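Subject: Structure handover

Dear colleague,

I am passing on the structure below for your files. My notes on what was found follow it.

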Amino acid sequence: MPILHLDIDAFFASVEQLRDPRLKGRPVAVGGGVVASASYEARARGVANGTPLHEARRLCPGIIVLEGRHEIYRCFTAAIWEICRRYAPALECLLDEAFCDFSGTERVYPDFLEVGRRLRREIQDEVGLAVTVGVARNRMLSKLAAKSVKPDGLRLLPEADEEPFLLSLPLEKLPGMGPKTRQIFHDMNIRSVREFREVPLRTLEGLLGKVGAALYERARGRDTRAIHEREVPRSISRETTFHRATAERGEIEGLLSYLVDRALRAARQLGLKAKTVGVKVRYSDWQQEEMSRSFPATAVDEDVHPVVRELLWKLYTRRVTLRHAGIVLSNFVPDDGQLALFDDGRLARLHAAVDAVRDKFGDGAIVAGRAIDLLSKLPKDAYGYVLRTPSLTK
Ligand SMILES: [Mg+2]
């Protein structure tokens with residue numbers, strides 16, 4: 001039973017309720033544009049993460065909407081991860097959830113249910129937040145176990161119970177089963193994990209490639225993904241100075257597309273999707289402008305390019321050449337199962353192939369879309385275009 005999954009219940013909303021007791025017991029949502037976190041009082045009225053705020057106000061009149069204060073939330077997660085480290089030899093933290101790897105500690109901790117109980121109590125006493133804990137044989141099962149008892153729950157899933165537990169799940173609970181993939185199976189009248197198990201591996205591979213093979217494994221409770229010590233960066237930015245100041249639309253858009261591709265690739269490597277992109281430009285006279293926008297979480301280049309183009313043409317209003325441009329991705333969410341991001345299997349396979357070639361031959365090996373405009377403009381080396389300022393992940 002070596003993996004323990006811990007998830008903070010209604011994280012941002014709970015922190016706000018903790019900081020302002022007047023909010024206790026009332027429906028609270030945190031977010032801008034869409035709900036990033038909703039209290040259980042709001043959830044009871046149908047408000048979910050991702051619900052547009054105007055919709056949330058319609059569903060739940062009187063809902064208290066707050067802007068997020070991520071510096072504060074970070075202090076809370078830091079305190080909680082510290083408590084986890086008292087017990088867990090390895091920890092992977094992802095925003096409001098963590099996987100604790102207890103492999104090899106069975107002698108030190110003969111009873112993982114007791115470890116879960118202690119963790120929950122210490123976090124409640126010292127930090128004031130409720131967390132839900134699931135313990136199971138692997139990563140996927142521990143998270144599913146926790147999800148089944150949310151909020152404020154604790155569940156240990158013994159190996160003997162795995163099979164009935166998995167078979168009882170509706171198909172959409174299977175990690176990696178995004179809405180589009182689920183629809184394919186719903187159209188075939190397959191709605192539960194039990195029914196999904198009847199589909200042969202070859203059929204799944206034919207339909208979805210690698211994703212199909214992974215789903216086949218997940219439906220059988222198998223998950224070999226390791227726990228990596230990592231933390232989600234606050235932002236990933238890529239920027240560069242033009243070799244010669246320019247006002248040429250194609251050139252600027254091309255450069256930004258290229259920077260978006262590189263930053264998203266870094267996000268994909270960390271198993272993350274971004275929810276916000278910012279564009280930044282500096283004119284030849286050093287005046288600088290910035291603007292950002294949020295959208296449904298994605299790690300797909302094609303989802304972000306149109307947003308970046310739109311921001312650029314909102315920002316770039318003066319008749320002065322540009323000297324410098326950059327993009328910033330932020331507001332990351334873990335890519336659940338690292339499969340959902342490839343909901344459209346075709347795009348997914350393309351990105352995987354492109355990333356593989358770039359890994360081998362450098363970023364310059366494949367240049368897509370508008371970045372092609374750049375080819376004639378920028379010096380290139382084996383690692384891609386020569387960016388004159390460093391990339392930043394912080
Ligand atoms: Mg949570």
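Helix axes here are lines fitted to C-alpha atoms over the stretch in contact, and the angle between two of them runs from 0 to 180 degrees between N-to-C directions. Please keep in mind that this is a predicted model.

With that in hand, take helix α1 (residues 11–19) and helix α4 (residues 70–85): their axes come within 10 Å and cross at roughly 95°. Angles of 65 to 115 degrees count as roughly perpendicular, and α1 and α4 are therefore roughly perpendicular to each other. On the α1 side the contact is made by Phe11, Phe12 and Val15, and on the α4 side by Ile72, Tyr73 and Phe76. By class these are 6 nonpolar residues, with no polar and no charged ones.

Helix α10 contributes Leu201, Leu204, Glu205, Leu207 and Leu208 to the contact, and α11 contributes Val211, Gly212, Ala213, Leu215 and Tyr216. The residues of this contact divide into 8 nonpolar, 1 polar and 1 charged.

As for the chain as a whole, the protein has 14 helices and 15 strands. It is 394 residues long, and 39% of them count as buried. Of the contacts between residues at least 6 apart in sequence, 63% join residues at least 24 apart.

In soluble globular proteins, nonpolar side chains tend to be buried together. In this model the largest nonpolar core has 49 residues, and Leu4, Ala29, Val47 and Cys100 have the most contacts inside it. Helix α6 (residues 139–147) gives the most to this core, namely 5 residues. Leaving aside residues up to four places away in sequence, Cys100 touches Leu4, Leu6, Cys84, Ala88 and Leu91. Another core, of 27 residues, lies apart from that one and has Val260, Leu264, Leu272 and Val277 among its members.

On confidence, the average pLDDT of the chain is 85, and 84% of the residues score at least 70. Over residues 338–346 the pLDDT is below 50, although the model gives this stretch 22 contacts beyond near neighbours in sequence. Residues 379–390 also stay under 50, with 25 contacts beyond four places in sequence.

Regards

Terms used:
Residues numbered from 1 in each chain as written. Predicted model: local features only at pLDDT ≥ 70, side-chain atom pairs only at ≥ 80, totals over all residues. Helix = DSSP H or I, 4+ residues; strand = E, 2+ residues; numbered from the N terminus. Buried ≥ 20, exposed ≤ 12 C-beta atoms within 10 Å, placed from the backbone. Contact = placed C-beta atoms within 7 Å. Core = buried A, V, L, I, M, F, W, Y, C linked by C-beta atoms within 7 Å. Nonpolar A, V, L, I, M, F, W, Y, C, P; charged D, E, K, R; others polar. pLDDT = per-residue confidence, 0-100. Parallel < 35°, antiparallel > 145°, perpendicular 65-115°, else oblique.
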